[in-house]
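Please look over the sequence and the fold together before reading on.

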Amino acid sequence: MDIRKELRFYSLIIFGTFFVGLGFNIFLLPALLAAGGVSGISTILYSLYGWNPAVVQWSINIPVFFLGYYFLGRDFSVKTFVGTTFLPLSVWITSYLPFTVKDPLLSSIYGGILCGIGLGLVFRGKGSTGGTTIIGQLIKKYTGLSSGFAQLIIDGCVVVVAIIIFDLELALYAMISTFIASKSIDFIQLRSSATKLVLIITENEQQVTSLIRNEVNRGFTKVWSEGGFSNRKKVLLLSVVEQSEAVYLKGLIQSHDIDSFVIFLNASDIIGKGFSLPRDCENK
């Protein structure tokens, strides 16, 4: 185990959760923007009953973590637990800051940016903030829906409740914040969008295809090619993956020190079988 690398990962997770806490307490909570997820739920309960958001998030995150660990086991780690517990801690610590922004437009923009940067750092540290993300993974496992769509359903439910409790205008601002946060996460992780087309040109076909198939659990297409300079036979691998999987695959290729040429491209309007179906159907 590389201790320095592990310490770097944990530092990213802790700093990331701190940024999320700042964004929540300075912008989202004062403006009553329930931007989905456990933070949105805690905002609603704070408005209705005055419940401490940090306590609400701990109360939801910890049981959901152990639920996810029981059903998803291998997808969870100490890093996930650190992110799950440190996020409410950061929310509690930053709740004592003496300054807030209540303008909903400013809060939706800057709260989305700050929370997105924080979550991006957490993901780069190979961690997770748990909460509804874990519920989304459970939905994905048992329904075959993509992670993004499952998360959209959950966040959509929170937004609908926010419309009922607050008003449509605040809910729309919350949706702006969610969109900006997603783009900030993209920038921090890959500086691009959520679904990726990965192009890999390599002479180490077996090693790379093993990583894609066994570690990322995605399908791929092989195209045989020839190097323009070297005139050596190479393989061009094409695979469509989700954002988190692209980050994970990038780290795998770097950690295995594979001499490959890798390109990450934004992918949209994917048509055909194999991407959002259950994984058993993908590796054909």
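R232 is partly exposed, because its relative accessible area is 47%, where buried means under 20%, exposed over 50% and partly exposed in between (1.4 Å probe, protein chains only). The side chain of R232 meets that of E203 in a salt bridge of 2.8 Å, N to O, a salt bridge being a side-chain nitrogen of Lys or Arg within 4 Å of a carboxyl oxygen of Asp or Glu. This pair links distant parts of the chain, 29 residues apart, with R232 in the loop between β2 (221-226) and β3 (233-242) and E203 in the loop between β1 (195-202) and α9 (205-216). Helices (H or I, at least four residues) and strands (E, at least two) are DSSP runs, numbered from the N terminus.

The model is predicted, so local features need pLDDT of at least 70 and side-chain atom pairs count only at pLDDT 80 or more, whereas totals for chains, interfaces and linings use all residues. Residues are numbered from 1 along each chain as its sequence is written, and side-chain values use heavy atoms, with hydrogens and water left out.

R218, E242 and E245 are linked in a network of salt bridges. R218 is buried, with a relative accessible area of 1%, and its side chain meets that of E242 in a salt bridge of 3.8 Å, N to O. Since R218 lies in the loop between α9 and β2 and E242 in strand β3, the pair ties together parts that are 24 residues apart in sequence. E242 also counts as buried, at 11% relative accessibility, and E245, found in helix α10 (residues 243-255), is buried at 9%.

The whole structure holds 5 salt bridges, and one of them joins K79 to E6, with the closest N and O atoms 2.9 Å apart. Because K79 lies in helix α4 (residues 78-94) and E6 in helix α1 (residues 3-28), this pair ties together parts that are 73 residues apart in sequence. K79 counts as buried at 12% relative accessibility, and E6 is buried at 19%.

Where does V158 sit, and what does it touch? V158 is found in helix α7 and counts as buried at 7% relative accessibility. Leaving aside neighbours within four places in sequence, V158 is in contact (heavy atoms within 4.5 Å) with A34, G36, G37, G40, I41 and I44. V158 and I44 are 114 residues apart in sequence and 8.9 Å apart in space, C-alpha to C-alpha. V161 also lies in helix α7, but counts as partly exposed at 37% relative accessibility.
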